[in-house]
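Hi,

Here is the structure I promised to pass on.

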Amino acid sequence: MMNRASFLVLAAAMTVTAACAASLGTVAEARPSAVPAASCSVAADREKPDSVVVSGEGFKGASVTLTAAGGDGTWPGIPAPNGSFTRASLPDHVYTAESAQDPAVGCARAAAPQSLPPSPQASPPPANEQYRMGYQQGLKDTLATCEKNPPKNLAPDPNWQSGYDKGAEAALGSKHCTGS
């Protein structure tokens with residue numbers, strides 16, 4: 001049979017256990033939900049031929065800076081209310097976007113609608129598309145480590161390699177890698 005002292009010790013232990021379990025539940029509930037990472041995309045501008053629209057979302061900063069590949073232009077201070085922005089009538093380039101609170105992210109090219117399925121003997125992508133794909137990969141690989149690494153593509157197209165090198169260069173100069 002349990003004496004009064006043993007009962008009090010057991011009751012105290014159960015109370016502490018219940019309190020710990022309740023506080024763990026509270027802590028789990030208090031954690032902020034996962035915030036999506038910043039992202040952006042590039043699509044053809046339907047209003048202006050030979051131009052693009054760059055859109056982004058998930059940014060923490062109040063404004064975003066867009067940078068075109070190869071030093072072909074920078075657009076600072078684009079308002080990003082609620083973490084989203086859209087900028088139209090831009091030159092057709094590969095872009096990165098960053099804010100004071102977000103590292104640079106590559107803006108992915110939106111897939112163009114296809115009217116016909118690709119032929120079995122499709123030709124390689126045009127030079128500018130090779131460059132874009134290389135740039136995106138160079139940016140992604142370098143932002144992951146803030147070090148330029150050789151590409152995993154062992155036999156890259158020269159345009160792809162040029163894009164990869166420029167993407168790596170842009171990443172190394174980004175706020176994420178320079179710490180500024």
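This is a predicted model: local features need pLDDT of at least 70, side-chain atom pairs count only at pLDDT 80 or more; totals for chains, interfaces and linings use all residues.

A term to start with: a nonpolar core here is a set of buried Ala, Val, Leu, Ile, Met, Phe, Trp, Tyr and Cys residues joined through side-chain atoms within 4.5 Å. Buried means under 20% relative accessible area, exposed means over 50%, and partly exposed is in between, with a 1.4 Å probe and protein chains only.

Residues are numbered from 1 along each chain as its sequence is written, and side-chain values use heavy atoms, with hydrogens and water left out.

So, the cores. The largest nonpolar core has 18 residues, and V54, L66, F85, Y95, A97 and C107 have the most contacts inside it. Two or more residues each come from β1, β2, β3 (63–68), β4, β5, β6 and β7; the largest share, three residues, is from β3. Helices (H or I, at least four residues) and strands (E, at least two) are DSSP runs, numbered from the N terminus.

Leaving aside residues up to four places away in sequence, Y95 touches, among others, V54, L66, W75, L90, C107 and Q136, where contact means heavy atoms within 4.5 Å. There is also a second, separate core of seven residues, including A69, L143, A171 and C177.

Now the sheet. It is open, with seven strands in the order β4-β3-β6-β7-β1-β2-β5 and mixed pairing. Two strands pair if DSSP finds at least two bridges between them. At the edges are β4 (74–79) and β5 (85–91), each pairing on one side only. Neighbouring strands are turned by 25 degrees against each other on average, direction ignored. Strands β1 (residues 39–44) and β2 (residues 51–57) run antiparallel and are joined by six bridges, with A44 opposite V52 in β2.

Helix α2 (residues 127–145) packs on this sheet, touching β6 (95–99) and β7 (102–109), and its direction makes about 155 degrees with that of β7. Axes are lines fitted to C-alpha atoms, for helices over the stretch in contact, and angles run from 0 to 180 degrees between N-to-C directions. In β6 you will find T96, which counts as buried at 6% relative accessibility.

Most residues other than glycine have a negative phi. D50, in the loop between β1 and β2, has a positive phi of about 65 degrees and is exposed, with a relative accessible area of 74%. N82, in the loop between β4 and β5, has a positive phi of about 55 degrees and is exposed at 82%.

Last, which residues of α3 are buried? They are W160, G163, Y164, G167, A168 and A171. Down the axis of α3 they fall within an arc of 135 degrees, so they line one face of the helix; the arc is that of the directions from the helix axis to the C-beta atoms. Their cover includes α2 and α4 (175–178), whereas the face of α3 turned away from the buried side carries the exposed residues P158 and E169.

Cheers
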